[in-house]
Amino acid sequence: MRRGLVTAGVSISLFQRAAAAFAASVPSDPADDGLFGPRSVTWRVAADLSAPVAGLRSLLLQALHPLAMAGVDQHSDWRADPGARFASTAAYVVTTTYGDTATARAAAARVRRIHGTVRGTDTVTSQPYDANDPALLLWVHAGLVDSGLAACRLYGARLSAAEEDRYVAEMTAVAELIGVPAGMAPASVAELDAYFTGVRPSLASSASTADTVTYLLEMPDVEPELAEVWQVLAAASAASLPDWARELHGFSGLVPPQREPVRQVLGVLDAVYLGEPGVLEARQRLTLRMRASEAQSSEAQSSEAQSSEAQ
Amino acid sequence: MSEPRLRVSRGLAAMRLAARGGARYAVNAPRLFAAAGEHRQRLRDDLALRTAQDVADTLGTMKGVLMKIGQLASYVDEGLAPPARRMLATLQDSVPPMSPELAAGVIRAELGGDPDQVFETWDPLPIAAASIGQVHRAITRDGLAVAVKVQYPGIAETIAADLGNVALIRSLLKVAVPAQDVNGLIGELRDRITEELDYVREAESQRLFAGYFDGHPFITVPKIVDELSTARVITSELATGVRYAEMLGWSQEEKDLTAETIYRFTFRSLYELLAFNGDPHPGNYLFEPGGRVTFLDFGLVKHFTDAELGPLIDMVQTLCIDQDEDGFRRAMEDAGFLQRGAPLATPDIVEHMSVFYDPVRSAGVQTMTGEQASAIARRYVDFKSPLAAYARIPRAYVIIQRINLGLFAILGEMHATADWRSISEEIWPFVLASPSTPMGEAEAGWRAAATR
């Protein structure tokens, strides 16, 4: 039982630590717009109400690669302190999304250094693994991107087909940052789908996958007040997985929860999240940056229009 | 592998956290409409709600409903209230105002023209946050200075949809007010919020109060300008006066006069209009010296039937006039506050309840204090008392609990001193005593003129 490995003190802080990581990772005075910038689709997807579903779905999906799972299983002490693990993952995603280029690079370099020690042999498939292996990095990347799209489609802002393609293309920047060779990460929804079709034969659910998934879905480490929220989140995340992934996990016969009730629960979660120290201010920083860039672009357009009139 | 247990629960239990979160949100947000520095003013403008989508993102997906649940929780349960009360006081203020363009769009949709066409003069900067809207100053084409309350576009539909998720609301309430009859609360909450979304209804309530208090020497209720009021816009006479915080700095004599006015307003409304403005919130009052108070915001008015009010009147009469303990207990049972046949001694019930009536049980000057208000609140939520197992708040009386928990808190903060019993006797329909204060004398003239 994983429950027994988790100390009681952790439970209070899981949600709060993720919020603190968010607040701390949204820069106050960035040197530049970073990998994406305020007009990117990536910023919108990351800030969407459906983001918690995307996050949990990513983890459920990523756990289906035996070598990725083995790396986590054999090298990470996340079960001793899941709050810290969630917070550092959240901090990485937020930093590479909203941070300036130098900060994003530094964060990726740090992760690559840690990955450097994550290598070994998977006991299930007897294959060797290396966390800096581009194939594994790509797997984790694709899980995140696919989950951002799926969560938005079902429970969030509905992006146009062009915006979805733009999101996948924009996100190749963060894949390259962590070490996926240029040109290797999918740059459109069609390429992303093709990637998953290709990788499917190497996926499986092992005992440690099942163990991890059970932990993620039952989540004994959130505040009691949030336990029911997590259940809705878990149901939405599991149901939003592709058919083949649900089959591998053994989630047959899942009926996806309806959009509005899930959004309402996500709204309550969001209100709670906003109440954590610094979260509102961090969101305001992002809103101000997005609005400033809109103002700049409309000014640029009107001065272009004026100069073309002058000609 | 072990089959992961997936329960698609439609409930959740985040209210306690939400209340905490709400308070935090409010405290950190730039305080809108306050005398903020230039930087904050700019920040506020930069964050303004510019589209109906912004409104939905800010107040939709249960957030507006959460604020209202917090408000209701503060009515019925002071035990959880410190965060919920802070949320009530400031969460509304933490929502950015509408941009001038968005507000103008609502005026166009509701009144058929740009604000500058519909009004002689229109101030594009709001002067106050209102429930689910904001207030602008304007001058009508007839030259009347008015306050125009403009509802956020789309908010009514958004909140109505969220109110449809009864299971979720029930779960939130269960955490917010665990000791209460949640099923009764849900109905009351949904009805009151639905009413609040409809400015036509609010304008009707305000007309009722304005009509009744018309000509009153101390009480002002701004008159509605009918032709400039719709389901999403309320235009009323512009009121003047200072805010609560400034009034607290006045002399005790002035504060006592002010308190007497608030007291008279509350109980005259209740006993003669059968209506209670459920939001005795300091932000809804404007003060002028000499005890003159303007009452704003009639979005949350509870109207009573004679049958609903009767048992409450009987409780006062049996306890304070007749000193009939058995009669008091019967009245409590008739009202539904107390289970019939509860295995409790009547004197114990009276002892427990009497704290709520202390200010009016005997004649003589009394000073309301914060300690007294807290004692009332503590007694109110004393779920460990033997009474608790047999007591409940019937749906009709949910909102009026605000007298115990809100009005007395305000009067306590003002250290208001008066002979509350004698003032009450002027108002109690079973006594109707002669004026007991100069204010009562002045009121008598108003009452005589009104009935003529």
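The legends below describe close-up views of a predicted model. Local features require pLDDT of at least 70 and side-chain atom pairs pLDDT 80 or more, whereas totals for chains, interfaces and linings use all residues; side-chain values use heavy atoms, with hydrogens and water left out. Residues are numbered from 1 along each chain as its sequence is written, and chains are lettered from A and ligands numbered from 1 in the order in which they are written.

**Figure 1. Chain B as a whole.** Chain B contains 21 helices and 12 strands; these are DSSP runs, numbered from the N terminus, with helices being H or I of at least four residues and strands being E of at least two. Of the 452 residues in chain B, 58% are buried (buried means under 20% relative accessible area, exposed over 50% and partly exposed in between, with a 1.4 Å probe and protein chains only). Among the contacts of chain B with a separation of 6 or more, 72% join residues 24 or more positions apart; a contact means heavy atoms within 4.5 Å.

**Figure 2. The largest nonpolar core and W420(B).** The largest nonpolar core has 207 residues, of which M315(B) and W420(B) touch the most other members. Helix α7 (residues 134–155) of chain A supplies the largest share of this core, 10 residues. Such a core is a set of buried Ala, Val, Leu, Ile, Met, Phe, Trp, Tyr and Cys residues joined through side-chain atoms within 4.5 Å. In soluble globular proteins, nonpolar side chains tend to be buried together. Leaving aside residues up to four places away in sequence, W420(B) touches A259(B), Y263(B), P359(B), V360(B), G364(B), Q366(B), M368(B) and L411(B).

**Figure 3. Helix α20 of chain B.** Helix α20 (residues 420–427) of chain B is mostly covered, with 7 of its 8 residues buried. The buried residues of α20(B) include W420(B), R421(B), I423(B) and E426(B).

**Figure 4. Helices α14 and α15 of chain B.** Helix α14 (residues 306–321) and helix α15 (residues 325–335) of chain B pack at an angle of about 165°, with their axes 8 Å apart. Axes are lines fitted to C-alpha atoms, for helices over the stretch in contact, and angles run from 0 to 180 degrees between N-to-C directions. α14(B) and α15(B) are therefore roughly antiparallel to each other (angles under 35 degrees count as roughly parallel, over 145 as roughly antiparallel, 65 to 115 as roughly perpendicular and the rest as oblique). On the side of α14(B), P311(B), D314(B), M315(B), T318(B) and L319(B) meet G327(B), F328(B), A331(B), M332(B), D334(B) and A335(B) in α15(B). This contact of α14(B) with α15(B) has 7 nonpolar, 2 polar and 2 charged residues; Ala, Val, Leu, Ile, Met, Phe, Trp, Tyr, Cys and Pro count as nonpolar, Asp, Glu, Lys and Arg as charged, and the others, Gly among them, as polar.

**Figure 5. Helices α11 and α13 of chain A.** Helix α11 (residues 227–239) and helix α13 (residues 259–274) of chain A pack at an angle of about 135°, with their axes 10 Å apart. α11(A) and α13(A) are therefore oblique to each other. V229(A), V232(A), L233(A) and A236(A) in α11(A) meet V262(A), V265(A), L266(A) and L269(A) in α13(A). The residues of this contact are 8 nonpolar, no polar and no charged.

**Figure 6. Q258(A) in a loop.** Q258(A) is found in the loop between α12 (243–249) and α13 of chain A. Q258(A) is exposed, with a relative accessible area of 60%. Q258(A) and Y155(A) are 103 residues apart in sequence and 8.5 Å apart in space, C-alpha to C-alpha.
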